[in-house]
Amino acid sequence: MTPPPYDVQSPSVTSVITLLTDYGLEDGFVASCHGVIISIAPQTRIIDVCHLVPAGDIRRGAAILAQTLPYLPAGVHIGAVDTASASARRSIAVEAGNRVFVGPDNGLLSWAVMAAGGARAAYEISNTELFLKPVSPTFPGRDIYAPVAARLCMGRKPADLGPEIPLDRLLLLPPPTARIGEGAAEGEVLSLDRYGNVQLSVTADDLATIGVHVGDTLAVSMGRRQITMPFRDTFAAVPPGNLVAFTDSAGKVAFAVNSGDAAQRLGLPPGAHVRLARGVDI
Amino acid sequence: MTPPPYDVQSPSVTSVITLLTDYGLEDGFVASCHGVIISIAPQTRIIDVCHLVPAGDIRRGAAILAQTLPYLPAGVHIGAVDTASASARRSIAVEAGNRVFVGPDNGLLSWAVMAAGGARAAYEISNTELFLKPVSPTFPGRDIYAPVAARLCMGRKPADLGPEIPLDRLLLLPPPTARIGEGAAEGEVLSLDRYGNVQLSVTADDLATIGVHVGDTLAVSMGRRQITMPFRDTFAAVPPGNLVAFTDSAGKVAFAVNSGDAAQRLGLPPGAHVRLARGVDI
Amino acid sequence: MTPPPYDVQSPSVTSVITLLTDYGLEDGFVASCHGVIISIAPQTRIIDVCHLVPAGDIRRGAAILAQTLPYLPAGVHIGAVDTASASARRSIAVEAGNRVFVGPDNGLLSWAVMAAGGARAAYEISNTELFLKPVSPTFPGRDIYAPVAARLCMGRKPADLGPEIPLDRLLLLPPPTARIGEGAAEGEVLSLDRYGNVQLSVTADDLATIGVHVGDTLAVSMGRRQITMPFRDTFAAVPPGNLVAFTDSAGKVAFAVNSGDAAQRLGLPPGAHVRLARGVDI
């Protein structure tokens with residue numbers, strides 16, 4: 001996963017913390033994290049990336065963080081999904097590009113780290129002096145990640161957080177499958193958005209590699225089903241109610257129904273396997 | 001639609017950007033916009049007006065923006081609803097009062113522009129130097145509106161954005177119907193809020209014009225149905241479970257059930273026609 | 001309800017306003033409050049505690065505010081739940097610790113005031129010079145609480161808001177029941193969170209008092225049902241699918257199902273009576 005070639009500069013942001021969690025918005029969980037950050041680092045700017053990651057859905061959280069990252073100013077990026085389960089293992093801080101990622105060592109951060117250019121150094125967050133006290137076993141976001149991120153903004157170095165971790169010991173989330181074969185690109189459904197668009201792990205560049213370009217027709221195989229649809233610049237290029245493939249705002253191939261809901265129409269859940277090839281023009 | 005006579009001063013806000021979208025909160029879309037703004041204009045204050053406008057519902061978005069505007073400090077006001085569909089046509093910046101509105105030329109901004117005193121000048125946003133690159137055809141909020149708004153906060157003038165547009169070429173959303181006839185005011189359901197209150201396009205001033213005042217009884221015709229209800233200061237003025245009409249916080253006449261849900265009770269969808277007259281006191 | 005012994009300092013936050021409401025996120029209501037605050041006090045930092053308190057659910061709002069408070073920097077804390085109903089009575093400002101609470105005199109603020117160390121002084125907010133004009137009878141959050149809180153941040157004193165109220169005249173919400181008897185602790189379900197965890201009014205300290213410690217087995221009586229479950233540090237300490245009791249991040253005893261939904265499994269609504277005793281180890 002390479003970062004898109006968007007050029008966003010960060011002229012003079014002194015300290016930014018971004019937050020991605022599965023805490024939801026029906027409680028005070030997110031506010032607790034904001035409060036801790038502001039109490040420790042009052043000038044820090046906080047950006048809420050997303051708090052409605054489905055509870056425990058590490059892959060969805062990883063995808064949102066990695067796809068949003070190119071548009072976020074450099075800063076400390078907290079991820080907190082499935083943190084209270086055994087998956088969370090230990091808390092880590094990973095340096096990549098001009099960013100520091102803070103969260104559980106469960107793979108959540110790994111796609112964003114790759115999008116930022118790959119890990120340069122990683123640390124186990126174990127210096128309890130930097131934590132809230134006591135630490136609740138079920139809320140590291142508030143008691144560990146938030147105060148640690150705030151203290152990084154106040155001048156602490158990642159190396160102060162705890163012992164360095166060899167980079168090959170970090171848990172990496174398997175990247176979404178995307179294979180380019182003989183005239184076909186295979187991948188999986190990455191996510192469904194609120195408009196019912198179906199985002200694939202296949203990119204526009206993958207399609208170009210197999211010779212499919214905007215204006216062509218796509219032959220799509222999903223399990224036993226086979227359909228064709230036009231590949232266009234945007235879903236608005238087809239009549240309302242029609243299926244279309246387009247390159248979405250994250251550079252991925254996505255299926256849409258103009259003024260409709262492709263997820264519902266196609267019944268494709270996240271993880272479903274999809275095969276794309278050049279189809280006969282309609 | 002005239003601005004309510006609330007008196008909110010803005011003593012020393014240097015730069016404020018407000019955001020109203022139909023992006024939802026389940027993705028990183030809103031955060032992308034925040035990130036772009038902060039990357040370009042780090043000191044800008046961002047106010048999220050609403051991101052749960054139903055996807056593509058331009059009228060609902062226009063109503064929320066116009067009704068919230070009198071309480072927002074002067075600044076750059078981004079609206080992004082239905083931006084990827086053909087309706088969006090071109091991107092515009094409209095100057096009105098001490099505000100600049102940025103968004104699609106699909107009518108979304110028009111009610112807020114009126115609430116701000118009417119358009120003084122409008123520009124087609126076409127200066128691609130000010131955009132992110134590349135521009136995704138489906139995400140002008142992130143790639144066009146956000147960077148343009150941020151650059152306006154950093155000193156760019158609306159005239160730098162592109163060619164001026166004659167004001168009579170802007171697409172205006174038809175205002176909600178509200179007619180005052182012989183002893184009756186007619187209008188439509190503007191919106192239903194989370195409490196189940198039914199907001200009409202008829203204002204308290206309209207009722208005064210036909211001689212209906214707080215304390216009177218309203219005769220309400222909805223299609224073939226006819227009911228009466230008291231017109232009071234607030235829904236708390238009637239016993240729990242009772243229907244009541246009152247002037248809501250946006251100056252509109254609204255139906256409510258004290259401690260209940262008027263939308264459910266009456267089954268009135270947005271756009272439904274309603275006729276109000278003075279009723280026989282109960 | 002004593003404040004948890006977490007140690008969060010607030011080194012140099014000049015002015016913070018926090019907002020807890022039942023306004024929802026589908027309208028511009030929250031943004032109106034932000035806009036009013038920023039218009040009057042442009043440097044103020046705003047923390048959104050929660051806006052999805054179920055409409056009119058004063059106890060739920062009170063619980064969220066009190067449990068989040070220890071993590072919020074000192075400031076002005078606005079609560080606005082059920083404000084348009086008769087319950088709201090009058091608007092009050094209550095000083096407690098280094099905080100000021102602003103909202104309706106309907107009990108909403110009372111648990112947070114206790115968590116802040118108890119009321120030191122209270123005032124009826126009646127100085128209309130400090131309000132927006134006109135005041136909508138259904139939106140004191142925007143027209144009264146927001147401008148008053150902003151003016152407190154700009155140097156106004158609580159005593160400027162209106163006449164002092166004897167502390168014994170404030171409406172107090174009955175604290176959630178929690179009784180410690182002979183070898184048993186009784187309480188009620190306080191809330192269900194998005195993960196399906198069932199939070200009780202019983203604290204870990206209450207369990208210690210009756211001799212139940214982490215590692216023991218709990219005998220739980222709910223109406224006629226009796227079950228046992230392990231009492232552990234965290235829900236991750238039991239196999240997926242298993243019931244467990246643990247001390248949650250607010251210091252309360254909670255039931256969970258590891259990787260599951262205890263609220264659904266147990267069918268316990270808020271307010272349900274629960275009795276806990278030491279069980280025979282499994």
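Mentor: A polar contact is a pair of N or O atoms within 3.5 Å. This is a predicted model, and between domain 1 of chain A and domain 2 of chain A the count is three residue pairs in polar contact, both at pLDDT 80 or more.

Trainee: Why is the pair Glu188(A) and Arg59(A) called a salt bridge?

Mentor: The cut-off is 4 Å between a side-chain nitrogen of Lys or Arg and a carboxyl oxygen of Asp or Glu. For Glu188(A) and Arg59(A) the N to O distance is 3.2 Å, so the pair meets the rule. Across the interface of the two domains, the rule finds one salt bridge.

Trainee: What makes up the area buried between the domains?

Mentor: About 430 Å² is buried between domain 1 and domain 2 of chain A, and carbon and sulfur atoms give 41% of it. Of the area that domain 1 buries against domain 2, 79% is supplied by Arg59(A), Arg60(A) and Gln67(A), more than any other three residues.

Trainee: Now to the two chains. How do you know that Asp27(B) and Arg60(A) form a salt bridge?

Mentor: Their side chains meet at 2.7 Å, N to O. That value is within 4 Å, and the pair joins an Arg nitrogen to an Asp oxygen, so the name applies. Between chain B and chain A the count is one salt bridge, while the residue pairs in polar contact number 10, both at pLDDT 80 or more.

Trainee: Which element supplies the largest share of the side of chain B that touches chain A?

Mentor: That is H1(B), with nine residues. On this side, helix H1 (29-40), strand S2 (45-50) and helix H4 (140-153) of chain B each supply at least two residues. The side divides into 18 nonpolar, 12 polar and eight charged residues.

Trainee: How many residues does each chain bring to the contact?

Mentor: Chain B brings 38 residues and chain A brings 32 residues. Together they bury about 2,700 Å², with 58% of it on carbon and sulfur atoms.

Note on methods. Residues are numbered from 1 along each chain as its sequence is written. Chains are lettered from A and ligands numbered from 1 in the order in which they are written. This is a predicted model: local features need pLDDT of at least 70, side-chain atom pairs count only at pLDDT 80 or more; totals for chains, interfaces and linings use all residues. Side-chain values use heavy atoms; hydrogens and water are left out. Buried area is the accessible area (1.4 Å probe) that two parts lose on being put together, summed over both. A polar contact is a pair of N or O atoms within 3.5 Å; within protein, one must be able to donate a hydrogen and the other to accept it, and residues adjacent in sequence count only if both atoms are side-chain atoms. Contact means heavy atoms within 4.5 Å. Helices (H or I, at least four residues) and strands (E, at least two) are DSSP runs, numbered from the N terminus. Ala, Val, Leu, Ile, Met, Phe, Trp, Tyr, Cys and Pro count as nonpolar, Asp, Glu, Lys and Arg as charged, and the others, Gly among them, as polar.
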